[in-house]
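Student: I have a structure open and some questions about it. Can we work through them one by one?

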Amino acid sequence: MNIEDIRSILGAKYIVGEEWKEREVHTACGSDMMSDVLAFMKDQSVLMTGLCNLQVIRTCEMMDIICVVFVRGKLPDEAMIEMAKEKEIALLSTGHRMFAACGMLYEKGLRGGPDYK
Amino acid sequence: MSNTIHMSYEVPANDFTRAGEASSSLKSSLKKMGVNPEIVRKVAIAMYEGEINMVIHATGGKIDVVISPEEIEMVLKDQGPGIADIELAMQAGYSTAPDNIRNLGFGAGMGLPNMKKYSDEFNIESTVGVGTTVTMKVKM
Ligand SMILES: Nc1ncnc2c1ncn2[C@@H]1O[C@H](COP(=O)(O)OP(=O)(O)OP(=O)(O)O)[C@@H](O)[C@H]1O
Ligand SMILES: [Mg+2]
């Protein structure tokens with residue numbers, strides 16, 4: 001699926017990166033703890049999170065994550081938006097909570113990475 | 001030593017929003033040098049975890065990076081409180097981070113295990129009351 005599919009499945013809105021909506025997403029990761037996210041290395045991923053600070057964008061930059069979905073209607077601030085634009089990370093916001101948002105994407109075939117070893 | 005490049009970064013104390021700038025800057029430099037993206041990512045993640053630790057557990061510090069055709073070496077040095085039991089600190093899930101740090105998305109106790117996982121060589125030396133030095137190497 002691509003970024004636009006994720007937006008439509010979650011009824012989310014674009015904060016940054018509508019122009020990158022065709023980019024393919026292969027895997028997903030859902031967490032509010034950034035080191036949990038950093039333990040996971042996969043290409044072209046989307047991050048689902050309820051955390052909303054600059055380190056979320058930094059974490060995605062380090063991991064080459066191409067899209068973040070903020071759950072529970074969280075909205076990134078100006079500094080986060082600026083950094084996301086610079087690093088070409090799409091930012092979406094959905095009103096769904098974490099469990100429901102992850103389940104909706106899973107149902108449509110998106111999967112996580114391998115188990116932590 | 002014509003084929004080695006040295007880089008040095010200061011990590012400011014108590015500035016959570018700026019944490020990660022050094023790792024971001026190194027990542028951009030490595031990308032420009034044309035280093036394999038998988039290797040760039042491993043270096044970036046390992047250094048970022050270390051940089052965050054220097055900010056949340058110590059009082060900032062200094063990071064020295066040496067890039068050679070064979071490997072990328074990162075030395076992260078701080079003058080923070082040090083770590084009394086390194087074996088314990090290395091265990092996945094062990095963290096002394098307080099709630100306010102957890103609310104910022106850190107303190108899962110996964111940073112040091114991640115640093116070890118993403119580097120080919122990992123060494124940590126620490127003295128309580130003096131500071132901590134982490135050395136990591138990632139092979140090209
Ligand atoms: N530079 C440091 N100076 C002093 N103590 C440190 C330093 N780095 C790590 N520690 C200690 O080791 C523990 C484990 O570190 P680790 O990076 O694995 O987890 P964390 O930082 O607590 O959480 P996470 O990295 O998942 O956000 C820390 O909670 C802290 O007690
Ligand atoms: Mg840590």
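Student: How far is an oxygen atom of ligand 1 from a polar backbone atom of Gly107(B)?

Tutor: Keep in mind that this is a predicted model. A polar contact needs N or O atoms within 3.5 Å. The pair here is an oxygen atom of ligand 1 and a polar backbone atom of Gly107(B), and their distance is 2.6 Å.

Student: Which residues come nearest to ligand 1?

Tutor: There are 21 residues around ligand 1. Gly107(B) is one of those that come nearest.

Student: Why is the site of ligand 1 said to be shared?

Tutor: Look at the side chains. A polar side-chain atom of His57(B) lies 2.7 Å from an oxygen atom of ligand 1. A polar side-chain atom of Ser35(A) lies 3.0 Å from an oxygen atom of ligand 1. The site is shared because the residues surrounding ligand 1 come from chains A and B.

Student: Are H1(B) and H2(B) roughly parallel or antiparallel?

Tutor: Start with the angle. Helix H1 (residues 21–32) of chain B packs on H2(B) at about 165°, with the axes 8 Å apart. Angles over 145 degrees count as roughly antiparallel. H1(B) and H2(B) are therefore roughly antiparallel.

Student: What classes of residue make up the contact of H1(B) with H2(B)?

Tutor: H1(B) brings residues including Leu26(B), Lys27(B) and Leu30(B). H2(B) brings residues including Val43(B), Met47(B) and Glu51(B). By class, the contact of H1(B) with H2(B) has eight nonpolar, one polar and four charged residues.

Student: How does H2(B) run relative to H5(B), parallel or antiparallel?

Tutor: Helix H2 (residues 37–56) of chain B and helix H5 (residues 111–118) of chain B have axes 9 Å apart, at an angle of about 150°. That makes H2(B) and H5(B) roughly antiparallel.

Student: In which hand does H2(B) pass H5(B)?

Tutor: Residues of H2(B) such as Ile45(B) and Glu49(B) are among those that meet H5(B). On the H5(B) side, Leu112(B) and Met115(B) are among the partners. The crossing of H2(B) with H5(B) is left-handed.

Student: How far is Met98(A) from Ile66(A), going by C-alpha atoms?

Tutor: Met98(A) sits in helix H5 (residues 98–107) of chain A. Met98(A) touches Val71(A) and Met48(A), among others. Along the chain, Met98(A) and Ile66(A) are 32 residues apart. Their C-alpha atoms are separated by 19 Å.

Key. Residues are numbered from 1 along each chain as its sequence is written. Chains are lettered from A and ligands numbered from 1 in the order in which they are written. This is a predicted model: local features need pLDDT of at least 70, side-chain atom pairs count only at pLDDT 80 or more; totals for chains, interfaces and linings use all residues. Side-chain values use heavy atoms; hydrogens and water are left out. Axes are lines fitted to C-alpha atoms, for helices over the stretch in contact, and angles run from 0 to 180 degrees between N-to-C directions. Helices (H or I, at least four residues) and strands (E, at least two) are DSSP runs, numbered from the N terminus. Angles under 35 degrees count as roughly parallel, over 145 as roughly antiparallel, 65 to 115 as roughly perpendicular and the rest as oblique. A crossing is left-handed if the near helix is turned anticlockwise from the far one by less than a right angle, and right-handed if clockwise. Contact means heavy atoms within 4.5 Å. A residue is near a molecule or strand if one of its heavy atoms lies within 4 Å of it. A polar contact is a pair of N or O atoms within 3.5 Å; within protein, one must be able to donate a hydrogen and the other to accept it, and residues adjacent in sequence count only if both atoms are side-chain atoms. Ala, Val, Leu, Ile, Met, Phe, Trp, Tyr, Cys and Pro count as nonpolar, Asp, Glu, Lys and Arg as charged, and the others, Gly among them, as polar. Lists of a residue's contacts leave out its neighbours within four places in sequence.
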